[in-house]
Amino acid sequence: MHRRMRTGERLVAAFLGGCVLFNYPLLSLFDRAASVFGVPLLYAYVFVAWGGLIALMAWFIERRGE
Amino acid sequence: MLGGGMIVAVSLLYLGLLFAVAWWGDKRADAGRSIIASPTIYALSMAVYCTTWTFYGSVGRAAVSGIGFLPIYLGPTLVMALAWFLLLKMIRTAKANRITSIADFISSRYGKSHLLGGLVTIIAVIGIVPYIALQLKAVSGSVTLLLGYPEIVMPNRSATLPVAADISFWIALILAAFTIVFGTRHLDATERHEGMVAAIALESMVKLVAFLAVGVFVTWGMYDGLADIARRAGEAEGLRRLMAAVPSGQGFTGWFSLTLLAGLAILFLPRQFQVAVVENVNEEHLRRAAWLFPLYLFLINLFVLPIALGGLLHFAGQGVDADTFVLTLPMAERQEWLTLLVFIGGLSAATGMVIVETIALSTMVCNDLAMPLLLRMKRLALDASEDLSGLLLGIRRGAIVLILLLGYLYFRLAGEAYALVAIGLISFSAVAQFAPAMIGGMYWRGGTREGALAGLSAGFLVWAYTLLLPSFAKSGWLPDDFLTQGLFGTELLRPQQLFGLGGLDEISHCLFWSMFANIGCYVAVSLLRAPSAAEASQATLFVDALRHGRPAGAALWRGRAEIADLLALVGRFLGPQRAQAAFAEYARRHGAADPESLEADAELVHYAESLLAGAIGSASARVMVASVAKEEPLSLTEVMNILDEASQLRTYSRALERKSAELTAATRELKAANERLQELDRLKDDFMSSVTHELRTPLTSIRAFSEILRDDPRIALADRTRFLGLIVSETERLTRLVNQTLDMAKIESGHADWHASEIDLKALIEQSVAATSQLFREKGARIELDLPDGLPRIRADRDRLIQVMLNLLSNAVKFLPAGHGRVRVALRPCADGLEVSVADNGPGIRGEDQQVIFEKFRQVGDALTDKPAGTGLGLPISRRIVEHFGGRLWVESAPGEGATFRFFLPLAPPGGEEAARETATP
Amino acid sequence: MTKKILIADDEQNIVISLEFLLSREGFQTVVAQDGEEALARARAERPDLVLLDVMMPKMNGFDVCQALRADPDLAGLRILMLTAKGRETEVSKGLGLGADAYMTKPFSTRELVEKVRALLGM
C-alpha cells in the first residue's frame, strides 16, 4: 500500500517535471542554432528529455513489482 | 507494378486480414480466452491516437514549423504520467456504472440527464467530423498519388469532381461498411469489442513499422545520416529556421496550447475513451501502458524531422505537398515495396481511427440521441412485446454511415483549405470542451446538470464561432469578410480576434475563449443551486469511485418491481436470449436456482438498469426501468441520509474493526489480569495461612505456659521464672511479627511513608553496626568494616535503610558459627551508585534456596542449626525497601563458604521527585 | 506401667511446655526436632503415642504419619497431630493418612492431656 502510494507520488512528480521540461522558459535555452553530433540542439534536447521522462516513468512503475 | 488493380487488391487483402484478426479475437473472447489481455496490446490499442495526422501530417507540420508537431505527443506523454489517477478513476466509474461512451459518462454523472447526453453527442459528432474528413483526405490523397506512379502528381481539387467519381466518397463508404461489420455485429451490454481491439493493435504495429522504415530509408538510404541532413538543411536558406525556432511564428503560447489540447484529447476523444476505458479488460494493464504508449509516440516521431527536411531538400521548388513526403520520397526513389508498405501504414492509421471513432460515436448517437427520441414516442414504450435489439443495431449502423458521410461532406467543403494537422486541431479543440464537465464531475461534487449544460454549450458555441466557421470561410463557403470584419461588421466580434484579442494563433485563441466561457459557465451556473437528489447520488458514485466501501447504486433506489417485467424489458433491447443468460448469471451469483426464484429487489433492479445502460445509455435505461418498476422517488434529504449512512457505516465498520481488535486485546489482558489476580489470591491465601501459622506458634507456647502456671500453683520458683521469661519473649516475637506484617502490607500496597533525605551511607552503616554490636559479642563473632571516605551521598529514607542494615547484620549473626564467626561489611562505589556487602562465614545458602529466602515466611534453616528465630519477613521487606529507591538486593553464596548479601543503591533514584513530594506532605 | 510419648516439634518453647506438662501427668517423654528425627526416635524408642507437628523441617508431619502407619512394627502406635494451620483440609488430610486425632494450635493443655489419656485408653 505504501509502495503504491509512493509510485503515485513519483509519477505526479514526473508529470510536473515534464511540464517544466517541455515549456517556456527551459525550452528557450535550447532554441538556438547549434548542434550536438550534427543533430540540431533543440531537436536533440526535446528527444533526450522525452526519452528520459519515459524511462523514468517506466522505472517508477516497473520497479514497484519487485 | 503499382496500379489501380494492385492498390485495390492490396487494400482489400489488408482489410480482410484485419477482419480475420478481429473475427478470431471475438471467437477467442467468446471462448473466454482473450487475446487482448496484455498491457502491450492495451498500449498498442491506445496508439489509435496516431492517425494519418501523425503518419502523413506530422511531416507536413514539421516542414512548416520545425518541431512544432511535437506538443501533440508531449501532452499525452505527460497525461499518461497521471493515468494511474485519472484514467483509473474513469475506468472504475465506467465499469461500475456500465458506461459505454463519454456522452453516457457525462449524462450519468449529472443525474442521468438525456439533455446533457444529447448535447455531448452533438458536440462530439460535429467536433469529430473534421477529424474524419482528415482521414478521408489523407487516404484519398495517397491513393491518387499511387495511381500516378511513377510520376508524382499532386491531387486535383476533388471538389470539382462529381461525387460518384470521387475516390474519397467510395473510401468513405468502404470504411463505413467495414466499421459496421467490425463493430455492430451484435449488441452487448458492455459494448466491448475484443476483436476490434486486436485488429487496432495490429494496425498500430503496421503503421509504426512502416513509418520507421521510411525514416530509416530517408535518413540512411537517401542521405548519410541525421548529421548529413541537418548540415545540408543548414546550408539551404529557409530550412535553417526549422531546426531552431520553436513553433514558427506562434511562440510558446501556441506550443503550450497544443500540449494542453493533446493532453485533454488523449482522455476525452471518443475513440480514446473507447479503447482506454470501455475496452479495458484489466485495470492493471493501465500501469505498463502508462509508459509503453508514450514510448510508442516517441518512436513514431523519431524520424519526422529528418523526413521533412529530406523532402524539402529533395523536392525543392517542385511544389510537392509536405503532407505527402512520407509517400512521395519512396516514390521518387522508385522504392515500390516501401511505397506499398507506406500506403498500407497510412491505410492502417486511417482505418483504425475511423473504425474506433465511428463505433464510439454511433454508440453515443444511438444511446444518447436516438433512444431518448424514440422513448418519447409512447407507442414504442408501451408495446412491450417488441424486440428492439434489431432496431438498436440499425440505428447504430445508420449512424456510422451518416458520420462518415458528414466527414466526406466536410472534406468536400473545407478539406482543401487546410493542412492535415490544422483540421485535426479543430477536432481537438472541440473535444477539449468536455474537460471541465468530465474533470469537474470526477473531482467536484458541486457540479450540476445545468452547470454542465451551460459550460458545454458556451464552450461549444465559442469553438464553432472561432474555429469551425472560419474553416468554412477560408474554404469560400462563407463570405470572407465575416473573418476580416466580424459578424455584422462588428470588429469586436471578429471570430479569430474575439473582443480584440490578438497576437495568438487561432488554436490558442479558441482554447482561451472557449475555456473561459466553458469553465466560467460550468462553475457559475453550478453554484446557483445545490445539487438535486439524483445529482448528489451520482456525484458520490463518481467522485468516490476509487474509495472502497462506497455505496452501491442499488442503495439509492427504493421501490417495487416484478421480475418478469424486468426480464421482458431487458429482453426487448438485448434480445430475449441474452437477457435470459444475463439474469441466469445474476441468479447463479446470488445462489438462486433460476431467475424466476429471485426477488426483484433494489439490487436486481439496479442490475437490470445497468444491463440496459450498456445498450441504450444510462439516462434511457433509467426511464425504461422506471416504466416497469414502481420507484418511490427519494428526496434529496433521503439521498443525503443514505449517502451519509453509507459513509457512517464505513466509519462504523472501521470503528467496529478497531473496537473488535481492542476487545480481543482487552479480553487477553483481562484473562492475564484474572490469572494474575488468581495468583495474587492464592498468594494472599498463602500469606494469610502463613501469618496465621506464624501467629499461632508463639500463641501456642504462651497459652501452654500460662495454663501450666495457672493450673499448678506448686510449681518450683525456678520453673515459674523460666516459663514467665518464655512467655514474655514469645509475646515480643508476636509483637515483632505483627509489626512486620503490617509494615510489609503497607509497603506492598504503596501506603508506606517514605522520608527521603541526603544520606551518608558510611555513617549509616557505622551506626547500624554499633546497634548490633551486642549481638556479635554474645556470639563471640568479629566484625570487619571496609568503609572508604569521601563517597557521594545518596537520597533515601534513613530509618528504612537502617532497617535493612540491621536486618542483614542480625541475619548474618544468626547463622555464624559460634566462637569464630566473622562478618565483613564493605561499602564501595560502582557505576551510578553505591554497593554495600555483608559477608559472613556461616554455612552458606544452597542455590535453590537463594530465591526462596526472599519470599515471605520462607525461612531456610539447617539441620545443624536451630531454627532461625526470625519472622521470615526481614529479607522480603529489606528487598522492597532497596527496590523502592531504585536499587537491588541479592545474595551470593555457595554451601559451606558463607553467604554475602549485597545491595546496590543508585545515586539518583528514579522516584526522586516522588520521594521528595512525599517528604513534603508526609 | 508408664506410657512413653514422643514429642515431635521444631518449636523449642512448645516442646518445653509439652515436656513439662506430660511429665507432670506421669508420662515418659522423648523429643524430636524434625520429621526425620521423629521417625527414627519412634522406631528406636517404641513410644505409645506421638504428638506430631505438621510444619517441621526436613520431613513434614503428614509424611512422618504416613511412614509410621506403613511400619508394621509400630502397629499399636497412637498418633495425635498438632498443627497451627487449622484448615479443614489439613484436618481431613491428617486423619486420612492415619492419625488418630487432631488438635489445632494453640490448644488447651487440659484438653490435650484428656485427649492423650483417651487415646491411650486410660
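**How the chains meet**

Modeller: Chain C and chain B bury about 2200 Å² between them, and 57% of this lies on carbon and sulfur atoms; buried area is the accessible area, taken with a 1.4 Å probe, that two parts lose on being put together, summed over both. This is a predicted model, in which local features need pLDDT of at least 70 and side-chain atom pairs count only at pLDDT 80 or more, while totals for chains, interfaces and linings use all residues. Residues are numbered from 1 along each chain as its sequence is written, chains are lettered from A and ligands numbered from 1 in the order in which they are written, and side-chain values use heavy atoms, with hydrogens and water left out.

Biologist: Which residues of chain C lose the most area to chain B?

Modeller: The contact, meaning heavy atoms within 4.5 Å, takes 26 residues from chain B and 22 residues from chain C. Within chain C, three residues that lose the most area together account for 24% of what that side buries, and they are Asn13(C), Phe20(C) and Pro106(C).

Biologist: How many salt bridges does the rule find across the interface of chain C and chain B?

Modeller: A salt bridge is a side-chain nitrogen of Lys or Arg within 4 Å of a carboxyl oxygen of Asp or Glu. Arg733(B) and Glu11(C) form such a pair, their closest N and O atoms being 3.0 Å apart. Across the interface of chain C and chain B, the number found by the rule is three.

Biologist: Which helix gives the most to the side of chain C that touches chain B?

Modeller: Helices are DSSP runs of H or I with at least four residues, strands are runs of E with at least two, and both are numbered from the N terminus. Helix H1 (12-24) and helix H5 (109-119) of chain C each supply at least two residues of the side that touches chain B. With seven residues, the helix that gives the most is H1(C).

Biologist: How many residues of helix H14 of chain B are buried?

Modeller: Buried means under 20% relative accessible area, exposed over 50%, and partly exposed in between, with a 1.4 Å probe and protein chains only. What covers the buried residues of H14(B) includes H3 of chain A, together with helices of chain B, among them helix H13 (285-301) and helix H15 (325-332). The buried residues include Val304(B), Leu305(B) and Gly311(B). Helix H14 spans residues 304-314 and is mostly covered, for of its eleven residues the number buried is eight.
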